[in-house]
Amino acid sequence: MKKDIILSGVGGQGILSIATIIGDAATSAGLNLKQAEVHGMSQRGGEVESGLRLSDTEIHSDLVPLGAADIILSMEPMEALRYLPFLHEGGFVVTSSSPFRNIDPYPEEAVRAALAGLDRVITLDLDGITRTNAIPQSANVVLLGAAAGIIGILSPEQLQQSIRNIFAAKGERVVEMNLKAFEIGREYGGRQ
Amino acid sequence: MTQIKLLLGDEAIAEGALQAGIKGVYAYPGTPSTEITEYIQHAAAARDNGIHCTWSSNEKTAMEAALGMSYAGCRSMVCMKHVGMNVAADAFVNAAMTGVNGGMVVVAADDPSMHSSQNEQDSRFYGKFAMIPILEPSTQQEAYEMAVYAFALSERENLPVLLRITTRLAHSRAAVRIRAGRTEPAKRPVADDPSSWVLLPANARRKNAALTEKQTRLELLSGENPLFKVLLSERPSGKGIVTCGTGYNYVMENGAVEAGFHLMKIAQYPVPTERVREFAGRCGSILVVEDGQPFLEEQLRGIVGGGYPLKGRLTGDLPRTGELNPDNVAAAMGIEKSPVLRVPEGVVPRPPALCQGCGHRDVYIALNKVLADYPAAKVFADIGCYTLGALPPFCAIDTCVDMGASITMAKGAADTGLHPAVAVIGDSTFTHSGMTGLLDAVNDKADITVVISDNLTTAMTGGQDSAGTSRFEAICVALGVEKEHVRVVVPLAKNMDEITRTIREEIDYRGVSVIIPRRECIQTLARKRRREMSKNNQETAK
């Protein structure tokens, strides 16, 4: 079994933390993993992407080939669309519907229409959800929670354990906040 | 005992160097090489063993310090991005002439597709130029193994060894099996052989002859590298692939051997000529798959001769420039892929930008305001976050070429009478390569205004220490800039009147002046605050 995931967003939105959690879970589960990250200039508010490949057999390429991704997991709606050529026919898009408006004009309508036109898509009002639940720092973990049901190669419980592992150094309060965020995400994901 | 760790290619190299028992790493930050040194800085093994790991002022000082450590009998590593090799080239090429004592490994991280760089130069050319062995890993595991091997090879051959990687390996993470413990390399006395280390022409001629003679032996060694591979297809189609580095991964992703290709993977240079000739004899044609410039392809052309069907970047079978990926390699292998989804209309690029609240923003707002009154003004900028001042809404700079070029280009332009000639340079770039240029300007009483935009860190690469922090006024005055023309301001909107007045006064002064807008990078500031907060959280939890 293999899963190719594209993580995308805007520099600073925390997509690498999602990758770190999945990476920890994959390693604990004895899966092979390759994760290509973007560092350097683009991290300054530009488009960022990380390809995450999980498999129980050997993985060769660090990059996800076009048309191969099972999931696009995005912190920003336009950034989800940017990587559609990587998605295979039956693949899922799980994305925040909250635009990050650091470009002018932001193509609000085009983005909304394109997302609505996709077959398999889960959208989350991450701004609203994190505000209502007072978890402003954990939007990325809410998104991961929403995708937990479709990642498949890793169970939600394995991801939960990795959230504990990764945030442990930051104290119990941060761990609890992220576990809560993960549960909220699962709930929203399950509804769609 | 082995341990499995999830590591970037960069971090795997750091683990390899620790395993090999280095006494020090020397480096200047540069994407995609920065994480090698950072990993060592955070490693317990580095603290426990007193391994030198603070940042150097630039790649040349780093290379020379590493050579000095080798001279003293210890293993040393020096790391940089590909353009850093240009800065360090003098020391690098001549280190091949002196040879080494303790093992010395030079890591060059190339950036095909220029994700974070101003050119696409391929460091393997430097290795060939210096006539030393080059190692090129394909995977994170190989990066670790090769780093360990590189030190032994360096000591055995009495030469520095170049370890060449590309962005995709440097910044991709995978599980790496790490052997426990640290090798204690055999103790070597300090070098005591001036005839090797004093490169007077008489000595240098002898060393040059010896190095040249060694090349045949180095070629043979490349063919014996444990990671050199020839994979023969059971259903040969007559086609062959010669590949190296990350190219190997894409070829394997596309099932080359199953598809009938014979495969040769080069792991070490100089190119093992005889092995290649033999392999070419087995195949009717060869596709060369290499990330970077057509280094291998050009040499293979010489080995197989003009009539042999050789394909690669030079023939257009692979893109002439830019990074390889599984898709362009598949196309070159003749594999048809089904069409993929398109990017919907309306999706527009999102270029990087200076952070909201960044001090460089205030500097450019002030500069633009003042320079609106000087239509002939040119702004010579430099390498760092502030290069983003080239983009809207600022469009504030006219040049950005190489580390330090702001001051020297402004000086050269001012020498023609161009006024105002303004240089914009960051604090870390100034100590990297700006100080000598400022001395030139002082000596010629050049009519330039230098802005050292000081955010107290090396920001673009993630906030490493900056070599001159808290000493910039002293450095400028010591280089001969008049004290009253070294001005410090705080780049905040509320100070805009003072900043614009200062810039105006120094532009109107027809000599060398330095303005230092100083305010901490908001990213490093935020990181510090987060660290303190999590420390407080943990203490409350206790």
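A crossing of two helices is called right-handed if the near helix is turned clockwise from the far one by less than a right angle, and left-handed if the turn is anticlockwise. In this predicted model, helix H5(A) passes helix H6(A) in a right-handed crossing. Two packed helices are described by the angle between their axes and the distance between the axes. H5 of chain A covers residues 139-151 and H6 of chain A covers residues 156-167; the two pack at an angle of about 150 degrees, with their axes 9 Å apart. Angles over 145 degrees count as roughly antiparallel, and H5(A) and H6(A) are therefore roughly antiparallel to each other. On the side of H5(A), the contact is made by Val141(A), Leu144(A), Ala148(A) and Ile151(A). H6(A) brings Pro156(A), Leu159(A), Ile163(A) and Phe167(A) to the contact.

A further helix, H1 of chain A (residues 15-28), also packs on H6(A): their axes come within 8 Å and cross at roughly 115 degrees. H1(A) and H6(A) are therefore roughly perpendicular to each other. This crossing, too, is right-handed. H1(A) takes part through Thr20(A), Ile21(A), Ile22(A), Asp24(A) and Ala25(A). From H6(A) come Gln158(A), Leu159(A), Ser162(A), Ile163(A), Asn165(A), Ile166(A) and Phe167(A). By class, the residues of this contact are seven nonpolar, four polar and one charged.

H1(A) also packs against H5(A), at an angle of about 45 degrees and with the axes 10 Å apart. That angle makes H1(A) oblique to H5(A). H1(A) passes H5(A) in a right-handed crossing. Ser17(A), Ile18(A), Ile21(A) and Ile22(A) of H1(A) meet Asn140(A), Val141(A), Leu143(A), Leu144(A) and Ile151(A) of H5(A). Seven of these residues are nonpolar, two are polar and none is charged.

Chain B can be read by its domains. The domain assignment gives domain 1 (2-213), domain 2 (229-332) and domain 3 (359-525) of chain B. Between domain 1 and domain 3 of chain B, the C-alpha centres lie 33 Å apart. In this pair, 12 residues of domain 1 of chain B are in contact with 14 residues of domain 3 of chain B. The two domains bury about 870 Å² between them, and carbon and sulfur atoms give 54% of that area. Within domain 1 of chain B, Tyr28(B), Ser57(B) and Gln118(B) supply 46% of the area that this domain buries against domain 3 of chain B, more than any other three residues.

Some backbone details remain. Most residues other than glycine have a negative phi, and most peptide bonds are trans. In chain A, a cis peptide bond joins Asp104(A) and Pro105(A), with omega about 0 degrees. Pro105(A) sits in the loop between strand E5 (87-96) and helix H3 (108-116) of chain A. In chain B, the peptide bond from His419(B) to Pro420(B) is cis, with omega near -5 degrees. Pro420(B) is placed in the loop between helix H17 (405-414) and strand E15 (421-426) of chain B. Ser113(B), a residue other than glycine, has a positive phi, near 80 degrees. Ser113(B) is found in the loop between strand E4 (104-110) and helix H6 (124-130) of chain B.

Definitions and conventions:
Residues numbered from 1 in each chain as written. Chains lettered and ligands numbered in written order. Predicted model: local features only at pLDDT ≥ 70, side-chain atom pairs only at ≥ 80, totals over all residues. Heavy atoms only, no water. Axes fitted to C-alpha atoms, helices over the stretch in contact; angles between N-to-C directions. Helix = DSSP H or I, 4+ residues; strand = E, 2+ residues; numbered from the N terminus. Parallel < 35°, antiparallel > 145°, perpendicular 65-115°, else oblique. Contact = heavy atoms within 4.5 Å. Domains from an automatic or database assignment. Buried area = accessible area lost by both parts, 1.4 Å probe. Nonpolar A, V, L, I, M, F, W, Y, C, P; charged D, E, K, R; others polar.
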